[in-house]
Amino acid sequence: MMDPDTAFTEVDLKQEKFEDIKEEGKKFSCELCDKEMVHKMALVLLEGLSTACVDNTTGDMFKSPGTVAAEIRKEMLDYLIERSESFVAESFLAEEGPEEKPDQPSDIISDLIDDFATLKMNILTRVSGWLLSDMREDKIDEFVQEMELNSFWLLDRRETIAQTLLKNVDFKNEFHCNLKFKSEEELKQHRPRCGFRTVLCRNEGCCATFSAAQMELHDSVCPFKVLPCEQKCPEILMRREMDRHCITVCPMKLVNCPFYSIGCQATVPSCNVKEHFLDDIRSHLLYALQYLHKGISAEDLTHRADQIEHESSGRLAGMQSVRSFTNAVKNLDSKLEPFEVVKKNVDSEEDTKKPNSKEPTSEGKNNLESVQISAEDNKESGFERSPSENMKGSDTEHTETELKKNSVSEQSSPNGNKKHELGTEELTKPDTDQSAVEDMKKSEFKLAPAGDSKELDSENLVIEDMENIRI
């Protein structure tokens with residue numbers, strides 16, 4: 001009896017042999033590649049050759065990049081073909097796996113060229129800081145331009161080599177066609193339908209060539225593609241002219257309102273400016289009044305705006321410039337009565353902000369203390385005064401002391417006799433100071449008790465002495 005595992009293995013081997021025989025029968029391959037990727041790889045090849053030549057001859061007095069270019073190119077191609085053929089196997093055998101390698105074939109070839117350029121560095125380049133200098137980059141660019149001018153390595157030849165390298169490293173078959181056919185007729189039938197066939201751009205004026213599979217991608221960025229205006233205006237124009245059209249002559253271009261300088265912040269399409277002005281003439285009138293009457297709110301100016309609208313009789317609707325509109329509003333405003341702002345009744349708010357009147361201030365507290373002290377003195381002397389009388393009593397005492405000083409100074413001055421020799425007219429005039437003292441005496445002092453008559457008599461004697469001195 002046959003082992004099932006052995007039977008399964010034999011079936012697999014027979015199937016693999018059948019597929020190999022089937023593949024061997026297909027001798028005609030498509031071999032079409034993505035044109036854009038091939039062109040990018042051709043540019044990488046020329047730049048890599050320039051880098052290897054510059055690094056190999058740096059500091060060498062007997063060699064230049066041009067003298068070693070042919071030899072290094074041959075070595076570089078051999079190195080790239082060998083490494084590209086084993087790239088897929090090396091990627092799978094590496095620890096990080098093929099998924100962490102660069103996906104783009106141009107990036108893969110660029111890494112391989114960097115490895116080759118590192119091998120061709122001379123000793124001076126390795127030990128010096130030449131790799132980090134800007135002079136190195138400038139010299140590489142100069143040698144690339146020199147090879148292009150001298151046609152050292154033509155673009156067609158580089159693209160042919162790039163196709164071979166692309167097939168070796170594109171293990172996902174994303175940038176080349178890997179189909180094979182039994183006959184040449186089948187291949188001819190496939191070529192017009194292959195996704196990697198080279199096609200021209202269908203937009204008028206564009207000369208770009210690319211693979212058929214990249215048609216949609218190119219069409220989405222082609223500068224010659226004819227498109228309708230992005231701002232929904234009726235114009236149809238090329239993509240490369242779109243930005244200039246939208247910011248210059250497009251009627252749907254957003255612009256600030258002409259009355260932006262006096263407060264209107266609206267942004268409207270340029271073709272709708274007149275419509276915006278007619279719809280918002282009321283708000284523009286309020287902005288103009290606020291501009292003329294600084295610091296007054298729009299709410300306070302509402303009645304004024306109604307009056308100006310009535311006086312204008314629709315003349316403001318035809319003025320779309322800020323200067324003419326503002327001047328017209330100013331003239332109409334000057335014909336009306338002077339504007340007065342009606343102040344709101346805020347007495348209740350002010351009352352709440354005022355301090356409590358029942359709480360005495362510091363000055364009031366001092367006055368109350370002085371009144372209390374004088375009241376206690378009056379109790380000890382035998383008669384009492386009210387707090388208001390105590391306050392007034394201090395003023396009378398001050399006036400009496402001033403009268404005494406004046407009388408003393410008159411007696412001591414040498415011209416004092418002239419004052420006593422005044423005419424009878426002045427003597428007959430009522431003495432205002434004396435009457436004021438008597439009035440204060442009558443209004444301020446209360447009658448004391450009968451037992452304290454001596455103290456009252458003494459006070460009366462003092463007052464009479466003061467009157468005699470005055471006379």
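Is Asp333 buried or exposed? I looked it up first: Asp333 is buried, at 10% relative accessible area (buried is under 20%, exposed over 50%, partly exposed in between, with a 1.4 Å probe and protein chains only).

A note on what I am reading: this is a predicted model, where local features need pLDDT of at least 70 and side-chain atom pairs count only at pLDDT 80 or more, while totals for chains, interfaces and linings use all residues. Residues are numbered from 1 along each chain as its sequence is written, and side-chain values use heavy atoms, without hydrogens and water.

Next I checked the partner. Asp333 makes a salt bridge with Arg304, with 2.7 Å between the closest N and O atoms (a salt bridge is a side-chain nitrogen of Lys or Arg within 4 Å of a carboxyl oxygen of Asp or Glu).

Then I turned to Arg282, which bridges to Asp306 at 2.7 Å. Arg282 sits in helix α13 (residues 281-292) and Asp306 in helix α14 (residues 302-312), so this pair ties together parts 24 residues apart in sequence. Arg282 is partly exposed at 26%, and Asp306 is partly exposed at 37%.

My last stop was Arg83 and Asp115, whose side chains meet in a salt bridge at 3.9 Å, N to O. My search of the whole structure gave ten salt bridges.

Technical notes: Helix = DSSP H or I, 4+ residues; strand = E, 2+ residues; numbered from the N terminus.
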